[in-house]
Amino acid sequence: MTWTVAAEPFDSPDASALRRDYYDEVASRYWQRPATAEEIDDGLDGDGADLLEPPTGQFVVGRYGSKAAGCAGLVLTESAGPGTAELTRVYVRPAFRGTGGGGLLLAAVEEEARAYGVRLLRLDTRNDLVEARGLYTKHGYREVPAFHRRNQYAQHWFAKEL
């Protein structure tokens with residue numbers, strides 16, 4: 001089996017299911033219990049996913065064989081300065097972890113970012129998302145001082161020059 005990664009509307013059936021699985025995992029880890037369907041719905045309501053489409057960003061879906069297995073998003077953040085964007089919603093379903101998809105998702109978002117003229121890609125994450133922090137470090141992201149405080153859950157900030 002091999003991975004393919006391509007841009008896809010954030011609200012396509014596969015992208016929506018992946019975004020839901022992403023939120024389920026991060027919320028369940030945070031609360032240290034399974035998130036309820038209502039909590040997941042509340043978290044996805046007004047989550048800014050509409051920014052994950054041109055001209056404000058892009059969303060990519062990774063498939064392992066024919067199965068939707070992961071996703072990642074790009075949001076242009078001109079308010080942070082020209083040439084800056086944020087990486088968001090990076091997720092690989094547990095059954096597909098360890099198969100190289102995470103790095104391919106990052107590469108696809110970086111390629112999309114370069115097409116928009118982005119020179120600095122940044123993100124925030126939490127302490128408990130250990131695998132994500134390892135993935136970012138492995139692929140050239142460095143930990144940096146906090147660049148915003150709008151995400152109350154952020155505990156680590158990373159950036160990569162493209």
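Predicted model: local features only at pLDDT ≥ 70, side-chain atom pairs only at ≥ 80, totals over all residues.
Helices here are DSSP runs of H or I with at least four residues, strands are runs of E with at least two, and both are numbered from the N terminus.

Residues are numbered from 1 along each chain as its sequence is written, and side-chain values use heavy atoms, leaving out hydrogens and water.

Next I looked up the angle. The axes of helix 1 (residues 13-31) and helix 2 (residues 37-44) cross at roughly 110 degrees and come within 10 Å. Axes are lines fitted to C-alpha atoms, for helices over the stretch in contact, and angles run from 0 to 180 degrees between N-to-C directions. The two helices are therefore roughly perpendicular (65 to 115 degrees).

I found an open one of 7 strands, in the order 1-2-3-4-5-7-6, with mixed pairing; strands pair if DSSP finds at least two bridges between them. Strand 1 (3-7) and strand 6 (142-144) are at the edges with a single partner strand each, so one side of each has no neighbour in the sheet.

I zoomed in on one pair. Strand 2 (residues 57-64) and strand 3 (residues 67-76) are antiparallel over 8 bridges, and I spotted valine 60 opposite alanine 72 in strand 3.

Terms used: Parallel < 35°, antiparallel > 145°, perpendicular 65-115°, else oblique.
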